[in-house]
Structures are given as C-alpha cells and as structure tokens.
Amino acid sequence: LSSISKKIFKGNFSLAVVSKITPSGLNIFLNNNTNGQILTNHLKWALRLPNNSTTSQNFSQLKKIFHIGDVILVKAENAEKGIYKLEQIPEVNGALI
C-alpha cells in the first residue's frame, strides 16, 4: 500500500484495507502498518441510508458495499485514537471564473 499511495496520492489521504466489518463500522489496516476504524456515522454518505436508519440497517448495507480486503481511501479524523473517515476522489474538478 505504501508504494502505491506515494505514487498516486498527495496530501492528507491514505490507502487502507478493510480488515473487518462490524455493526459500529469498518476496521482498517493502513499503509503505515497501523490499525484504525471508520465509524458508521462517517460512512452514512456511502451507505445511502437516511440519518435515522437503525444499526441493523447500517450493518446490512455495510456488508453489501464493503468486503474484507477492499482497498479504500481514508483521511484521519483523530489519528491518535485511530479514527478515520472514508474519502473519495471527485469525478469532476472545475471552477467558475
């Protein structure tokens, strides 16, 4: 992961591998050989569920979207506590002049 991320990503993003899927979120292994977690509330946008969805709905949707071994893009929310957010690279970048 570290050799890939150095070539592709600059800034505050890191590559991570999904190591476990739990009702509270995703456990991840990062390219600096550390473990972390993405909490379900940082995944709501990817789950495409309403904010008032239940834990069982979230967990069911997590298992449909993510799989152990998936490589994902993350950003530290609180690196000292091992908490990260799921990130994505926008399909389109642009500006108005």
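Student: In what order do the five strands close into a barrel?
Tutor: The order around the barrel is E1-E2-E3-E5-E4, with mixed pairing. From one strand to the next, the twist averages 55°. Helices (H or I, at least four residues) and strands (E, at least two) are DSSP runs numbered from the N terminus, and two strands pair if DSSP finds at least two bridges between them.

Student: What kind of model is this?
Tutor: The model is predicted: local features need pLDDT of at least 70, side-chain atom pairs count only at pLDDT 80 or more, and totals for chains, interfaces and linings use all residues. Residues are numbered from 1 along each chain as its sequence is written, and side-chain values use heavy atoms, leaving out hydrogens and water.

Student: In which sense do E2 and E3 pair?
Tutor: Strand E2 (residues 25-30) and strand E3 (residues 35-39) are antiparallel, joined over five bridges. Phe 29 has Asn 35 in E3 as its bridge partner.

Student: And which strands does helix H3 lie across?
Tutor: Helix H3 (residues 55-65) lies across E1 (13-22) and E2, and runs at about 120° to E1. Axes are lines fitted to C-alpha atoms, for helices over the stretch in contact (heavy atoms within 4.5 Å), and angles run from 0 to 180 degrees between N-to-C directions.

Student: How do the elements run from the N terminus on?
Tutor: They run α-β-β-β-α-α-β-β, with three helices and five strands in the protein.

Student: What percentage of the residues is buried?
Tutor: Of the 97 residues, 34% are buried, meaning under 20% relative accessible area with a 1.4 Å probe, protein chains only.

Key: Buried < 20%, exposed > 50% of the residue type's maximum accessible area, 1.4 Å probe, protein only.
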